[in-house]
Structure formats: structure tokens, C-alpha cells
Amino acid sequence: MRFSKILIYIVLTVFAIFYLLPVYVLFATSFKTFAEVNLKSMWKLPQTISFDSFKMAWNGSPLKGLRGLSQNFMNSIYLVVPATIISSFLGSMNGYVFAKWKFKYSDTIFSMIIFGMFIPYQSVLIPMVQVLQKIGLYGTIPGLIFVHCVYGIPITTLIFRNYYTSVPTEILEAAKIDGAGFLGIYSRVMLPVSMPGFAVVMIWQFTSIWNDFLFGLVVAQKPNIQPITVALNNLAGSYFVEWNIQMAGALLTAIPPLIVYIFLGRYFMRGLLAGALAGT
Amino acid sequence: MRKSKEERILSILFIAPSIILILVFVYGFIIWTGWISLTNWRDVFPDFTYVGLKNYVELFQNLRFQIDFKNVLVFTTLFLFFCTLIGLFLAILLDRKIKYENLFRSIYLFPMAISFIVTGVVWRWLLNPGTQTTGPIGINMLLEQIGLGFLKSKWYTDPNVGIKAVVIAAVWQMSGYVMAMYLAGIRSIPNELSEAAQVDGASIWQIYRYIILPLLRPVTLGAVIILTHISLKIFDLVVAMTGAGIGFSCDVPALFMYDTTFRGNFFAQGASIATILLISIAVLIIPYLRYSLKSGG
């Protein structure tokens with residue numbers, strides 16, 4: 001191997017260490033026994049593997065007034081699953097029309113929808129709270145599902161529009177000659193070839209809704225409604241919670257999207273690049 | 001495709017729910033927020049007395065907002081600089097026909113999959129300077145052990161560092177994204193171009209300098225715009241990692257907006273911060289959207 005090649009590997013490895021450092025601390029700390037946890041030894045590997053920190057982070061401790069994350073973890077699941085499915089289907093329907101049934105001003109309407117994914121959500125929060133209170137969804141999981149569906153429309157529409165544009169129009173024309181109409185083409189031609197599109201969109205939505213903090217913070221005030229990111233922030237914000245419990249909580253919060261990333265990273269990357277428009 | 005009247009109506013009906021939702025929840029709400037910013041609503045109970053631009057004038061005289069404004073500028077500049085530099089550097093290295101390219105790429109990109117809250121919690125401990133009794137911990141301890149002790153810092157607990165400490169965590173999380181964008185960009189450049197240059201005797205350095213980098217300009221533009229809009233609205237990471245910090249040294253406009261609106265009930269002031277954020281992002285995004293959708297994105 002040439003010297004320059006070796007140098008490249010060294011540099012790449014140094015960067016890999018930089019990206020993995022926090023993960024190392026996360027794992028090393030979460031798996032230590034309580035006796036072993038000590039800030040001075042935070043870089044040391046645990047002597048024995050212990051799940052005590054996870055148990056504490058998951059179940060909490062009524063004695064210490066510490067809320068566990070189990071309920072919030074489940075809240076996030078109840079919230080993410082329907083919101084992902086609904087927003088993906090909305091995106092698929094919109095993408096179908098914007099790619100294959102263009103009408104006058106449809107491109108303008110499309111860009112107006114896409115703009116919605118860039119806005120700072122601060123600029124819609126106050127009316128959002130008012131409206132959710134009016135329709136009785138404020139402080140509820142259905143309220144959060146609703147909000148994530150609405151603000152998920154831009155990105156899901158964008159990814160599906162780009163995906164459906166690559167489906168040859170000749171196939172649609174052929175289906176039309178065979179007598180299929182607007183809905184027939186969607187259900188019998190488009191949906192069956194949509195699986196890769198759905199994979200990208202659903203993985204993207206799953207990850208971003210799971211990782212959302214702002215909507216959860218503003219819409220879910222009660223601790224028993226909060227999604228896991230909000231609960232983790234509360235857990236980490238209270239000074240009496242030992243840091244190994246905080247780390248275990250952080251790991252619990254990171255695990256679902258990390259599993260998705262490890263097994264379906266290919267699709268995740270495509271979603272990422274779709275969000276960046278140009279250069280894709 | 002030829003459309004019958006029925007198909008035309010059906011296709012509009014198909015997207016009508018989404019269009020109505022976006023019209024109300026994006027555009028309607030933005031206008032409503034803009035209106036609130038012109039009123040006197042500074043209590044739990046709404047007060048829609050029109051006061052003109054008073055809230056904006058007060059905001060620019062507000063010390064916290066002035067600090068936030070400076071912080072977000074510093075944050076954006078450093079964040080952009082390091083993300084694009086590291087992203088481009090790693091993409092070029094990964095493009096040199098590397099064994100285990102997939103593994104390296106996955107490692108650089110994985111922080112994108114996790115929540116800013118997780119990142120914030122972990123980096124708060126890594127950049128914790130420790131106390132008198134614990135001595136140096138986290139990154140400081142590591143720096144000391146590898147002989148770089150002079151780089152030790154009090155990080156976010158030092159008002160002079162403040163928001164710059166948050167940049168480290170943000171770059172850790174987002175630079176892989178830029179790497180992925182650049183790598184996709186480099187891969188879309190036809191090989192023949194650099195092969196032809198090689199035949200003409202160009203060095204690798206010249207190929208990058210005169211062929212690849214100029215062709216990557218659209219990617220850089222995309223990355224800069226995406227990163228800038230993320231950094232202008234940065235919120236989660238700051239909340240989880242530092243909060244507003246000593247003398248607001250870590251504070252950002254989005255955090256100020258949340259505090260003043262939902263903790264202080266100064267709804268009109270919150271709405272004016274939100275509107276300023278929106279305008280600064282719209283100025284950036286709208287031309288980019290026009291450019292990028294026109295070029296077939």
C-alpha cells in the first residue's frame with residue numbers, strides 16, 4: 001500500500017473515533033454498576049455488565065420521586081406509528097397528483113407545500129396551541145399525531161413526487177387504455193411499485209417524529225403524555241438524577257432510530273438527501 | 001396525460017385535504033402569528049389592541065435579544081465553516097477507493113439519526129469541566145491524558161466560550177450529513193472528466209481544484225442553505241445541552257421565543273421573535289426553492 005493511502009486510513013480512523021467517542025461514553029457509563037460509576041473513571045470500561053442504570057431509567061424510583069421513561073417510550077410509539085402511516089399515505093396521494101396529474105398552477109402549489117418543511121415552527125406555535133385547545137386536542141397524544149401529520153406533508157409529498165416522477169408515464173398510459181381511471185391507476189399501478197418510496201418516507205418520518213422535541217414540549221404538558229425526548233430532557237435537567245441514569249435514558253431514547261439506521265440506513269440516507277433538494 | 005373532466009376533479013379532490021391543511025396550519029398560522037406580533041398581548045388573556053411595530057422596536061432594544069442575535073451569528077458562521085470543511089474533506093477521502101467505505105460512511109452519518117436531545121445530554125457531560133473535587137472530567141480529562149492539556153477549557157460554563165461549545169456538538173451531529181451530500185455530488189460527476197484530465201497529465205490535486213470542486217458548487221450552495229436554516233432555528237440542542245447559559249452566553253432566539261411565550265406569557269413578544277426568524281429563513285429558502293425546483297430537483 002502506498003504511503004498516502006495509509007495516511008488516508010489514519011485520518012479516516014481518527015475521525016471515526018471522534019464520531020464514536022460519545023457513543024463509547026454512553027455505553028460505558030450505562031452498563032456500569034452504581035458502585036462503579038464515578039466521574040473520574042468515565043472513560044474506563046465497566047468491570048462487569050450491569051443493567052441497573054437501565055432499570056432505574058426505565059422504571060424510575062417512586063422513593064426518590066424519579067419518573068421512569070417507560071410510559072414516555074410507549075407514548076412515543078403510540079404517537080410515531082399512526083403519524084408515520086397517515087403522513088406517508090397523504091404524501092403518496094399528493095406525490096401521485098403532482099408527478100402525474102399536473103394541472104394549472106400545480107407546480108406553484110407544490111412549491112408552496114414544500115416551503116412548509118423549512119419554516120421555523122416557532123412561527124406557528126401560538127396559533128397551533130390556540131386551535132388545539134379549541135378542538136379539544138391540546139395536551140393529548142391524538143393532538144400530537146395530528147400536528148405531526150400536518151407538518152409531515154411537505155417532506156412526504158416531496159419524496160413521493162420525486163419518486164413517482166421516475167415511474168414511466170407509458171405504464172400509466174397503458175393502464176388507461178386497459179380502462180383504468182384515476183383511482184384504478186393509483187391503486188393497481190402506482191401503489192404496487194411504491195414500496196421503495198414508502199420505505200424511504202416511513203423511515204424518514206419515523207426518525208424525525210421520534211426525535212421531535214418542540215411539538216412534544218409545547219403540546220404535551222403533562223408528564224404522562226410527553227414523548228420520550230421531552231421526558232429525557234426533564235430527567236437530565238433535574239440535578240438529583242445520577243448521570244449514569246441520564247446516560248441510560250439517552251441510550252433508551254436513541255435506540256429505536258439507531259436500530260432503524262443500522263438495518264435500513266440505505267433508505268434513511270435517501271430521505272436525507274431528498275431533504276436537500278439540489279445536488280440530488 | 002389526457003384527462004377527462006371526472007379525472008380532473010378526482011385529482012384535485014385527492015390533494016385537497018393536504019392543501020387545506022397546509023393553507024390553514026402553515027400560511028394561516030403564519031399570518032395569525034404576524035398579527036399577534038402587532039398587538040399588545042402580554043398576559044395569559046389575549047389582548048388584540050393594535051400597537052404597530054412597538055414589539056419589534058422593543059425587541060431590538062432588548063439586551064437578551066441583542067445577545068441572541070450575536071450568538072446565532074457566531075453559531076451559524078462556525079457551524080457552517082466546520083461542517084462544510086469536514087464534510088468536503090471526508091467525502092474526498094472516502095472517494096479515494098477506500099476499503100470499508102461503507103463502514104466509515106455509516107459511522108460519520110449515524111449522529112444524524114439520533115435526537116438533538118440525546119446529543120445535548122451526552123455532550124453536556126463530555127464538555128463538563130468538572131469541579132474542584134472531581135478535577136478535570138470528560139473531554140478535558142481526555143485532552144490531559146493525550147498530552148493536549150493546554151486545550152482544556154471551561155466550555156459552556158465560560159461565558160466567553162458559551163455558544164461555541166454548542167457548535168462542537170452540532171458539528172458532531174451534522175457534518176456527516178454534509179459528507180453524504182458531497183459524496184453523492186462527487187459520485188454524480190462522470191468519471192471520464194477526471195480520466196481525460198489524468199491523460200492530459202493533471203495531478204490529483206489539479207483534478208480536484210479545477211474539475212471536481214467547481215462542479216460541486218451546487219452541492220455547497222445546497223449544504224450552506226440547509227445548514228443555515230437549521231442553525232437559525234436551533235433550539236433542541238441548546239435546551240438539552242446548556243440552556244440559556246451564564247449571562248445568556250448560550251442563548252438563541254428560538255429559546256428566547258419559547259421562554260417569553262410559554263413561560264412568561266408575553267405572547268406578542270414571542271410572536272415578533274418568531275416572525276423575525278421566519279423572515280430571515282424565508283429570505284434564504286424562497287430563492288433557493290425557486291432555483292432548485294426549476295432545475296428539476
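**Exercise 1. Find what share of the 280 residues in chain A is buried.**

Solution. Take a residue as buried if 20 or more other C-beta atoms lie within 10 Å of its own. In this predicted model, buried residues then come to 52% of the 280 in chain A.

**Exercise 2. Describe the fold of chain A by its helices and strands, its order along the sequence and its extent.**

Solution. Start with the counts: chain A has 12 helices and two strands. Next, follow the sequence, which gives the pattern α-α-β-β-α-α-α-α-α-α-α-α-α-α. Then turn to extent: along the principal axes, the C-alpha atoms of chain A fill a box of roughly 75 × 65 × 30 Å. Finally, look at the contacts in chain A with a separation of 6 or more: 71% of them join residues 24 or more positions apart.

**Exercise 3. Work out which elements of chain B have the lowest and the highest mean pLDDT.**

Solution. Now go element by element. Helix H6 (residues 138-145) of chain B has the lowest mean, 83, while helix H3 (residues 63-94) of chain B has the highest, 96. For the complex, the predictor gives an ipTM of 0.92 and a pTM of 0.93.

**Exercise 4. Characterise the contact between chain B and chain A.**

Solution. Count each side: 84 residues come from chain B and 72 residues from chain A. On the chain B side, helix H1 (residues 5-36) of chain B supplies the largest share, 17 residues. Sorted by type, the chain B side that touches chain A holds 60 nonpolar, 18 polar and six charged residues.

Terms used
Residues are numbered from 1 along each chain as its sequence is written. Chains are lettered from A and ligands numbered from 1 in the order in which they are written. This is a predicted model: local features need pLDDT of at least 70, side-chain atom pairs count only at pLDDT 80 or more; totals for chains, interfaces and linings use all residues. Helices (H or I, at least four residues) and strands (E, at least two) are DSSP runs, numbered from the N terminus. A residue is buried if 20 or more other C-beta atoms lie within 10 Å of its own, exposed if 12 or fewer, and partly exposed in between; C-beta atoms are placed from the backbone. Two residues are in contact if their C-beta atoms, placed from the backbone, lie within 7 Å. pLDDT is the predictor's confidence in each residue, from 0 to 100. Ala, Val, Leu, Ile, Met, Phe, Trp, Tyr, Cys and Pro count as nonpolar, Asp, Glu, Lys and Arg as charged, and the others, Gly among them, as polar.
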